[in-house]
Amino acid sequence: MLTLILFLLAGLVLPLFPLSLGVNLLLQQDPASALGGRLAHPAARAGLLVLLPLVGVGLLALGRLVAGGEVGALATVFAMWGGLTSVFYAFRLLSVRDGRIWLAQLYTSALALIWVGAAHEVPPLLPALGLALSLLPLLFLFDGLAVRFGSARVGLYPGLGLCMPVFSTLFILAVLMAVAVPFSPGFFAISELGFGGVGRNELLTLLPLGLSWLLWTWSGINLLAGIVFGTPRDDLAYADLGARVAVRHAAALLALALFGLFLVEGML
Amino acid sequence: MTASRQTDLAARLGRDLTLYDAIDQLFGTRIGETLNELLIKGLMDFCDEGQSIWRMPGRRQGLFRGWSRIARRNRRLRLRGMDVGAILEAADGPEAMIDLVMSRLGIPEDHWMDACTLELTKLHGWAGFVRWRGQSRRYYWQERNPADLVDFLAIRLVLALALLEDAARRLRRDLRWPALQAYLQAHPRECVLRRELNAGTVLPDYAHRVELALERGDPARIDALYLEYERIKLRREACTRAHRIAAMAECAGISRADLLALPDDTLLQLIDGVYAFKRGEGMVWTEALERSYIAGLLAHIGPRVVPGSEPRAAPTETRPPAPDAAAPRPSDRIQALFCIDVRSERLRRQLEALGDYDSFGIAGFFGVPLSFIEFGKGHETDLCPAVVQPRNVVLEMPHTHAQHRHSLYELAHEVVHDLKNTVLAPYVTVEAVGVLFGFDMLGKTFAPRAYNTWRARLESDKPPARLLIDKISQEDAEELIANLQDEMILRAAERHFGIKREALTSPMIRELRETALGQRSGPTAFARRFDVEPAAEAVFIRSLQLEYRVNPDQARIQLEHLAKIGFRYTRQAQLVGTALRAIGLTGGFGRTVLVVGHGSSSENNPYESALDCGACGGNHGLINARIFAIMANRREVRALLAEQGIQIPEETWFIPALHNTTTDEVVLYDLEQLPPAVLTRMGRIREDLTAAGRLCALERCQALGEPGIDGPEAAARRVKRNALDWTQVRPEWGLSKNASFVIGRRALTAALDLDGRAFLHSYDYRLDPDGRLLEVILTGPLIVAQWINLEHYFSVVDNEGFGSGSKVFHNVIGRFGVMTGNLSDLRTGLPAQTMLRDGHPYHTPLRLITLIEAPLALVQGLLGRLYKPRELVHNGWIRLLVLDPESGLTHLYEHGQWQVWDAGAPGRAAGVDCGQACAGVRS
């Protein structure tokens, strides 16, 4: 029973629908609201994105410990639940236009997959970190858009590729990293979850992983199509990233790529 | 914002916006996008001209009926929620369908015309292609699979109705015209916010709030948000305007303090004035550019006109006097007829600079409109401007009748391509034959010249052929048809009865032919000789009539077709005479007259015909040049020309040539028909042409920005490589930068470097007192040049809209057009690679500046008579200048009246270097 409770608590932060509503609400908070105001700075959101999975992984480990490692049926149920949650949120991503909501739902869809690996005793820490950290560059770049235009949203200021080429280059890389293209940390995290579980139950493992991954990529392309490509509006002022900020972002992306290699080592 | 934006959508509905456009903007649906996608897919299937392996069935029924048959059973449409079948059941025929859809959507009848116009402009490339097909009755695919704009419109409306009905179900709203109008009237503020959000014009920081308010649908909240939004938006727009005005004032030298010191009313007037000016700004710049070009051009040409110059007998008199006694006799000078194309200007200039050459400009079909049937091709190609309907057909006939045998290479080529084009074969053969394509790709990419030379050696040459340009007499034609019918009878006898030629006599065949043609009746000697039963004989005769087409109707049709082949001598003399008179070459003929057609050569280039000769319908001009030369060399034709006053000396030979505008090589043709004495002159001419071509190549390389070119030879090698390189997106600039059309004597422009920007048509007004020759030029070459000019103009001012965007993303579709990506409107106009360099316009958008050297009264009289040229000039599509040699004045038609061009007028000082018009004048 205690294991179930601990798993359910973990399901709040390694989100399982409908327990995921809380985390989603938290991450989607409008900066104008009281709670959102406290989380207005991107560093605070970034901290949340990294901290929440760690809490979840801790609760998961505790649940396993309490059960003495005998969590077979329960873990399978949670894995199916996690898989469904992931696909559900990935599907919803396709219609999301607001950057903050997009990121929150991608977080939910990605972290729910931890349950798929957990059912097959894949150590959850590195995959959870890999998936969460992959979202950070995009979080900061969305914040950059919100600062410039008042909102980070698809379709409002298309054609950034023409007006803000440096920003757009980094944005493309960040989106690709967030949707776990090879060789981002997210990709290695998914690989680890997949390779760990595929020997035990191919369908349960590969179906949610594959479907979610496909949908993330699709929605990532939608995101790029609505922001980077297209014809710019002439009633807006565009300011590209300064050299120093651009270098900082590029360095962060590089660091994450290196972290991906660390994950590979973990897998091996 | 309040008043205008609230009523804007309602007022534009039906005029600028279709019903689904308005719904897309209000409710964020994507009906327009989906509709285009579905329509394009249907059109791609229907219009395919042999690219698809599995072709759309039922195309012979026409576009609408063929598409309807498929759409009724299309499950993918049903899965999308579209009940197309039910709509199609409700009416029969495209016209009835249009009526049905308009009525069902509740569109008022007085808006139907606008609605149809709007629908046709949505995919203007496809609509244009269908319209062109509909009007091209002789087009093979149109005859086979008919399509017209009514079909196009009916399909579009059926799809629109199905999508709107589906959207209405999903949104749970009545989306018909009256309901939408009522909604717009009842909820103006909500509609403004909806439109701002879905059309992507919302203030970014308000987007989320607007979306939430609209989702919740609380009228009070929407109203409150609207008021706030309106206030902020107006404020920001005012700020933007103020910043722009301040920046402009700074550019104009007005300080910020001075600007702020102005009274509010004045400032408001200033802002309104500036924004009102925006609408006409483009035309101001266009006119400034044009005036600058005109000033530069006239600065060089004007002084060459001597007022009141005396008429003369021959145009060669306009040539500058020979500088020394060693100058060649007039008959030793070589005359060369070139196309008016701007690319000929460079070659003409370089060739004349080498000495002993006089060049003339004439429309590249040399005044010979014809349909050409190439040996081995089953269709006619019109080799004349699109405004001309050719009445004569020319055939290419091989000298030998040897059986054409396939080489091993060609067999392998066919096998590989057949495998590639079948549906399943590529899956199983990719490993086996893929490497061949890889080899091909490597060769084309890394060593295009060597690889293409090697491949050309492998491919078997076309057998030597002659052009059949003379009329066939009635007797010859009847004999030809009889021979053809006899051939059919022999085949039929062998197939039906296994009887070979050896067993048949000529009278038997003749008797069978006459029986099949209904010229006799009763049993035939054939039946008696081979014991054929009467019933079997009757079946055989019927088969001859129906299957083998040996019947009176077919014989008549064949006779009509044969009657089109070739030209009578009188017609040949008329065509040659008119062409020579039009360019002022009626005497003083040299011993050699080159007739230079032009064409381009490039690899992997769907736009190749845009680089070929426009006067030859986008084809190479060689055939017309060959035919013109054959005609002009004919003794019978020369005799008839002499009667018209054009004496061509016996020692004069017209020699056809092809100017390759990509490589600037000029190759002489039909030399085997020249007498040996004439051949001895060809060596020098070839050398001259090569030298002039290399100098042109050097100019071309500079224009293309080719690095590392240190001389004419290197330039010639580079341009040749460009022509063979399949990765080259810009083998040449083509007619880009075209700006002017000079109709007059060569003396006006000789030795002037016009930078390959001028169409040059030779014309001597002194030989044309009644203006008949000028009329031909104004109604033919001028129209073609104006089309070319405007095609370039629109392609450069809006390359995505009127041009075809970047070639890099283009795909050839159905062997008839080009799309961007895998699904788009059919691309019209010219690609970015022809119009832009490094993202900036290479072509200068000028309307065609046409300069005519002729008395003003003559030109005015012609414009009064000729509808099309008059419309073009009076409506400002052409800038017309008349250089009156009698008064020495230049007249410009501008703003509805003739004005004498004043070199010191304000336009002259428009701030653009007039010298750009003429890159330089050689001393």
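Q: How many bridges join strand 10 to strand 12 of chain B, and do they run parallel or antiparallel?
A: Five bridges join strand 10 (residues 740-744) of chain B to strand 12 of chain B, and the two run parallel. Strands here are DSSP E runs of at least two residues and helices are H or I runs of at least four, numbered from the N terminus. Two strands pair if DSSP finds at least two bridges between them. B:V742 sits opposite B:L760 in strand 12 of chain B.

Q: Before we go on, what should I know about the model and the numbering?
A: This is a predicted model: local features need pLDDT of at least 70 and side-chain atom pairs count only at pLDDT 80 or more, while totals for chains, interfaces and linings use all residues. Residues are numbered from 1 along each chain as its sequence is written, and chains are lettered from A and ligands numbered from 1 in the order in which they are written.

Q: Back to the sheet, then. In what order do the six strands come?
A: The order is 12-10-17-18-19-20 in chain B, an open sheet with mixed pairing. Strand 12 (758-762) and strand 20 (897-900) of chain B are at the edges with a single partner strand each, so one side of each has no neighbour in the sheet.

Q: Which helix packs on the sheet?
A: Helix 17 (residues 264-301) of chain B, touching strand 10, strand 17 (848-853), strand 18 (878-883) and strand 19 (890-894) of chain B. Contact means C-beta atoms, placed from the backbone, within 7 Å.

Q: New topic: at what angle do helix 23 and helix 25 of chain B pack?
A: Helix 23 (residues 506-516) and helix 25 (residues 534-546) of chain B pack at about 70 degrees, axes 9 Å apart. Axes are lines fitted to C-alpha atoms, for helices over the stretch in contact, with angles from 0 to 180 degrees between N-to-C directions.

Q: Which residues meet there?
A: B:L512, B:T515 and B:A516 in helix 23 of chain B meet B:I541, B:L544 and B:Q545 in helix 25 of chain B.

Q: And helix 30 of chain B, which residues are buried?
A: In helix 30 (residues 635-643) of chain B, the buried ones are B:V637, B:R638 and B:L641. Buried means 20 or more other C-beta atoms within 10 Å of the residue's own, exposed 12 or fewer, partly exposed in between, with C-beta atoms placed from the backbone.

Q: What's on the other side of helix 30 of chain B?
A: B:R635, B:A639, B:A642 and B:E643, which are exposed. Just after helix 30 of chain B, B:G645 takes a positive phi of about 95 degrees.

Terms used: Contact = placed C-beta atoms within 7 Å.
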